Amino acid sequence: MRRKLAAGNWKMNGLGASLADLRVLADSHPEPSVDLLICPPATLLHPARAITEGTAIALGGQDCHTEVSGAFTGDLSAEMLGDAGATAVILGHSERRDKHRETSEEVRVKARAAHAAGLMTVICLGESMFQREATNTLDIIGAQLSLSVPDTSTGENLVIAYEPVWAIGSGMTPTPEQIGEVHTFMRARLEKRFGPGVGRSVRLLYGGSVKAANAAEIFSIPDVDGALVGGASLKASDFSPIIEALESA
Ligand code: PEP
């Protein structure tokens, strides 16, 4: 049985004052029946740990370097994220693939480094609207999946988030059939590569304009084990109903 996961990606949002909302979220969900993960900006990991310690909320980073340490000004290693309180890291988000020109090969090396540091990786995949219209979405997802996911992956340390680029922050979401098609495809690919045991235990999240109004429908789609949520994870009042929808799914 896969335990469902509601993950929030704060992106480059949040100052010290935002931690008050994290406390509200922790207090509102003392014993959730799903896993909860919040990925604040790295500057907030350490103070966030003081708030989430002993609660159901786990913390994650939003990226990490391939190396453990060295002359890489401005970068953070997986080990540093762990030291600051993270137990997970988002890798290969489309904003990094696009704005930082990250390739799937780099994502794979980063994921290997994160696994070596004991972090769970949430690896993001997704097609652009141009790719959806011009090509076969499954070819794009299949290539990203095989190139981004390292051999060090297990059912515990790998989570995949299917995030169509055109759905992120746009208010647009794919149809349930479109989400279901991609998730079924990813599950089959994982089972083929890692065997049914690991392949069936990897959690598959959907991400892209998830909000309270559409969460229940998305969570009813087979092989959707939760969500990676951007905008609607910033406020406890927006994220809580999504968590509750996942608990009821
Ligand atoms: C994201 O950036 O991972 C995301 C899903 O954003 P949003 O929920 O705002 O579309």
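The model is predicted. Helix α8 has a kink of about 135° at G195. A ligand is surrounded by 14 residues, and the protein buries 95% of the area that the ligand exposes when taken alone.

- Helix α8 covers residues 176-201, which makes 26 residues.
- A straight helix of that length would span 38 Å, at 1.5 Å a residue.
- The end C-alpha atoms of α8 span only 22 Å.
- Where does α8 kink? The kink lies at G195, shortly before the proline P196.
- G195 is also one of the buried residues of α8.
- Other buried residues of α8 include I179, V182, F185, M186, L190 and F194.
- The buried set also holds H183 and R187, along with the glycines G180 and G199.
- Strands β5 (120-125), β6 (158-162) and β7 (203-207) are among the elements that cover these buried residues.
- Helices α6 (129-134), α7 (137-148) and α9 (212-219) are also part of that cover.

- Which residues of α10 are buried? They are A236, F239, S240, I242, I243, A245 and L246.
- These buried residues pack against strands β1 (5-9), β2 and β8 (226-229), and against helices α1 and α9.
- D238 also sits in α10, but D238 counts as partly exposed because its relative accessibility is 34%.
- D238 and Q144 are 94 residues apart in sequence, and their C-alpha atoms are 31 Å apart in space.

**The ligand site**

- The closest of the 14 surrounding residues are K11, H93, E163, G169 and S209.
- H93 places a polar side-chain atom 2.8 Å from an oxygen atom of the ligand.
- G169 uses its backbone: an N or O atom there lies 2.7 Å from a ligand oxygen atom.
- S209 also uses its backbone, with a polar atom 2.8 Å from an oxygen atom of the ligand.
- Taken alone, the ligand exposes 290 Å², and the protein buries 95% of that.
- K11 belongs to the loop between β1 and α1.
- K11 has a phi near 55°, a positive value in a residue other than glycine.
- K11 counts as partly exposed because its relative accessibility is 21%, while buried means under 20%.

- H29 sits in the loop between α1 (19-28) and β2 (35-39).
- Is H29 buried or exposed? H29 is buried, because its relative accessible area is 5%.
- The side chains of H29 and S240 are joined by a polar contact of 2.8 Å.
- S240 is one of the buried residues of α10.
- Leaving aside neighbours within four places in sequence, H29 also contacts L36, A56, I243 and E244.

- G92 lies in the loop between β4 (88-91) and α4.
- G92 is buried, with a relative accessibility of 2%.
- Not counting residues up to four places away in sequence, G92 touches R97, E102, V107 and C124.
- The C-alpha atoms of G92 and G126 are 9.7 Å apart, although 34 residues separate them along the chain.
- R101 is in the loop between α4 (94-99) and α5.
- R101 has a phi near 55°, which is positive in a residue other than glycine.
- R101 is exposed, because its relative accessible area is 62%.
- S104 lies in helix α5 (residues 104-116).
- S104 is buried, with a relative accessible area of 10%.
- Beyond residues up to four places away in sequence, S104 touches R97, Q144, L147 and S148.
- S146 is in helix α7 and is partly exposed, with a relative accessible area of 40%.

Definitions and conventions:
Residues numbered from 1 in each chain as written. Predicted model: local features only at pLDDT ≥ 70, side-chain atom pairs only at ≥ 80, totals over all residues. Heavy atoms only, no water. Helix = DSSP H or I, 4+ residues; strand = E, 2+ residues; numbered from the N terminus. Expected span 1.5 Å × (residues − 1). Bend = angle between axes of the 7 residues up to and from the residue. Buried < 20%, exposed > 50% of the residue type's maximum accessible area, 1.4 Å probe, protein only. Contact = heavy atoms within 4.5 Å. Near = heavy atom within 4 Å. Polar contact = N/O pair within 3.5 Å; in protein donor to acceptor, adjacent residues only side chain to side chain. Areas by Shrake-Rupley, 256 points an atom, 1.4 Å probe, with all protein chains shown as cover.
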